[in-house]
Amino acid sequence: MTQTTDMKIRSIPFLLLASFFPSSLFCVAQEMSSSQLTSEQEKFFENKIRPALVKHCYKCHAEEGDKVKGGLLLDTRDASRSGGDSGPAVVPFDLRESLLYVAITYEDSSLEMPPKYKLEDEVIADFRKWIEMGAPDPRERIHPEGTPQEYTNTIDIEEGREHWAYQPPQSPVVPAAAEKDIPLSSIDAFLSKKRAEKGLTANEAADGYTLLRRLTFDLTGLPPTSEEIAQFVPAYEAHPESAIAEAVSRLLASPGFGERWGRRWLDVARYAESTGKEINATYPHAWRYRDYVIDAFQSDKPFDEFLMEQIAGDLLPSETPEELIENTVATGFLAIGVKGLNEQNARQFRFDLVDEQIDVTTRAFLGTTAACARCHDHKSDPIPMSDYYAMAGIFLSSETLFGTAEALQNRKATELISLPAPAEAGASSKSLAEMIDLEYQRDLVRERLADINTQIREARAEGNTDQAQRLRLQTLGLNNRAGLLDREIASFSDDGKAHPLAMGMADRPAPFDSQILIRGEEDNPTEERAPRGFLQVIPTPDQESIGPDESGRLQMAEWMASPENPLTARVFVNRVWSWMFGEGIVSSVDNFGPTGDQPSHPELLDYLALRFIELDWSVKDVVREIASSQAYRMSSDYNAAHFEKDPENRFLWRMSKRRLDAESIRDATLAVSGQLDTERPHASLVAELGDGFVGRNVSESQINTENRRRSVYLPIVRGLVPESLSLFDFADPNLIAGKREITTVPSQALYLMNSDFVIENAEAMAKHLFQDLDLRGSALIEEAFRRCYSRSPSPEEASKTRAYVERFIATASDSGMEAQQARALALTTFCQSLICSAEFRYLN
């Protein structure tokens, strides 16, 4: 990278030029051993590919299957690559030569697998992605031919505990200053020491405009106002420490902090308002968990309490009804995940549900990929299958209450939790006549179903199977309709007031230990059961035993929230660091295991973890300490010598430039136009639509309707994320996303130039500046730049802007446009060019 390409991101705002250069993509097929796989590759295989192979292929193509057909084995990497009678089943990077892929797509009628049904499009897409990434495969032969189906632990736990992340954090000695003339906090001292070791020095501090923009977006997700800029910049130039302290305190106290940081946690919690997958049923009550998270960050709920409430809130003591509601709603964390409602095997559904819960729990709070041990001892992380099934027993002994409408294609619907609360302000209600009408419609549907079922029995008795099948098809829609009406009626009391309902968890009356399943197959259990418990590699001195009448969720929550747990505090402060600097001290923020990245500053990580605990797990106090450091206020200026030594800026010699996330881009667009509605809505659009099935009785047009509220309150339906968010790398709600991908693609620029949302806000901004604020000339240009870029325009920018507006008006007038209309259009295009520019989307 040259100095020119790495310059501070600024733009002449009205030059809307975009150039896109197609890049040639090539890849070289290569054999990858299990030790060469990245953590993401292994996770993709374990979560997407192995379960599909086990479910759809192993019966006929595994050593321990019923019968090996076509000489093809698919239960090891080597066997898959060798193939069978027809040739290699898997050829890395080559879809055409990979006969497995050809077979599952049904492209060749002579080669169709599975033979009795075609796999779902989502599964086929996973296999395509897997092969295109080189078919990473960690499998090696586990059971020699002829051995019995038994489980033997192959993990050396004591050796595994030698990994740095499983060692307790050590209180480090804060080093002496290695760089002169920089007043160092403890954070800065650790960074300074490492920079000195690498022959680097810290950049100078950023100017007040840049720093306030950085602070305001990082802490609230919104741009600073002109008034805030006018107050901060001179104060920062005179007394930087006190100016920063005042600004940080103000931003931490603002409602925007909870919304900004709550949304960050919702990425980790894979928050969404539908089940996803083929049926994609709505979650009308998921919004309660969203609001719980926002309130938790806003009130600075201690993180250990935040953790315990999400895992076992229903089991915690509650002194007031409000506290009981809060604790109950928190367990929605375990209920809002992806669910394959069309899974016909109820036992398989339960194990898949539990697997998802183990995955999100261990990765979100512990940065540990325990779910990979479902099918085999985790060869990379020291987690045996017995540990996985010890945790599975805890979740199997708990009931997940996620709701959804019962229908013929959804026999997995559950009850919801009724909250001890009066009718809520803003909640929907129904009149007595509407309630009677709902019940009448439901009764009509039930009567019609009864009539058709009688006709089906008569047709079968007469041997008329075709007639019976035609009649049965009629019942499909009626069953769905009856289920939706039942759920809607149950949502209201007899007087038409909405029942406050929530998703969440409850203990089953009879807890039990889980069997260990060979290869994770629910129909291939061993006789051995794993006693309910936790990961052996992470013991804590205060670990409570699980009683015979307890699920173990409460003890699991206590084990994870213990100050003695070596991972919990480390993982979260690393997330905070990543959210404020763009990169974690450990880059693999969701994976602290042996396959994850090493910390760039291990002593600093331990210092922050212990400091977090010392501060009573206060998120705001940790954010305050980081935001007040010299490191956070550094400029992002380029230094060629430093860049050559540390091109990725792992040792923080400057602040890395960062693109705003999708929500901040959208919210900033609304803010600068004066259109942003900062009030929190009651519930959610999905709650208004109620129970249903996306693509059936809930349409995309009903969900993706723009409004002026903050993006955290937009409906997040799996598979239908709003375009204004999805184009700018919004977190995939199907996955745990501690760190978002950042892409630059043509569709982003096209959206900014052509979308109704951007154009309407540009028009609103122009009108607000010219009419509402009554600004003209230089004052208007100054305010526009401050709103969009948090700075004043340079003399050249101001001059060119005036010239552009005057030239636009003259040209439009010559073509017959009225002067007032021409001025409005000129100002609109000027405002849109500001919003479309790179500087609007980036933090320097």
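## Ground rules

The model is predicted, and local features are taken only where pLDDT is at least 70, side-chain atom pairs only at pLDDT 80 or more, while totals for chains, interfaces and linings use all residues. Residues are numbered from 1 along each chain as its sequence is written, and side-chain values use heavy atoms, with hydrogens and water left out.

## Aromatic pairs

Let's start with the rings. A pair of aromatic rings is described by the distance of the centres and the angle of the planes. Here, rings of Phe, Tyr and Trp (its six-membered ring) pair if their centres lie within 6.5 Å; planes under 30 degrees apart are stacked, over 60 edge-to-face, and the rest tilted. That gives 33 aromatic pairs. In one of them, Phe303 and Phe612 have ring centres 6.1 Å apart and planes at 45°, so this pair is tilted. Phe303 sits in helix H13 (residues 303-312) and Phe612 in helix H21 (residues 602-614), so the pair links parts that are 309 residues apart in sequence. Helices (H or I, at least four residues) and strands (E, at least two) are DSSP runs, numbered from the N terminus. Phe303 is buried at 2% relative accessible area, and Phe612 is buried at 0%. Buried means under 20% relative accessible area, exposed over 50%, and partly exposed in between, using a 1.4 Å probe and protein chains only.

Trp577 and Phe581 make another pair: their ring centres are 4.3 Å apart and their planes are at 25°, so they count as stacked. These two are 4 residues apart in helix H20 (residues 568-581), about one helical turn. Trp577 is buried at 2%, and Phe581 is buried at 3%.

## Charges over rings

Two arginines lie over ring faces. The rule is that NZ of Lys or CZ of Arg must be within 6 Å of the ring centre and within 35 degrees of the ring normal. Arg214 is over the face of Tyr632, 5.9 Å from the ring centre, and Arg270 is over the face of Phe333, at 5.5 Å.

Gln310 is in helix H13 and is buried, with 0% relative accessibility. A polar atom of the Gln310 side chain lies 3.1 Å from the backbone oxygen of Phe306. A polar contact is a pair of N or O atoms within 3.5 Å; within protein, one must be able to donate a hydrogen and the other to accept it, and residues adjacent in sequence count only if both atoms are side-chain atoms. Not counting residues up to four places away in sequence, Gln310 touches residues including Trp265, Tyr289, Phe333 and Phe365. Contact means heavy atoms within 4.5 Å.

Helix H9 (residues 226-238) has 13 residues and reaches 19 Å from its first C-alpha to its last, close to the expected 18 Å. The expected span is 1.5 Å times one less than the number of residues. Ser226, Ile229, Phe232, Val233 and Tyr236 are buried in H9, and their cover includes helices H8 (208-220), H10 (240-253) and H30 (777-789).

Next after H30 comes Ser790, with a positive phi near 60°. Helix H32 (residues 819-836) has 18 residues and reaches 25 Å, close to the expected 26 Å. The buried residues of H32 pack against several helices, including H30, H24 (662-672) and H31 (795-814).

Most residues other than glycine have a negative phi, and most peptide bonds are trans. The bond from Met113 to Pro114, though, is cis, with omega near -10°; Pro114 is in the loop between helix H4 (99-105) and helix H5 (121-132).

Ala135 has a positive phi, near 50°. Ala135 lies in the loop between H5 and helix H6 (157-160) and is buried at 0%. Leu652 has a positive phi near 50° too, and is buried at 6%.
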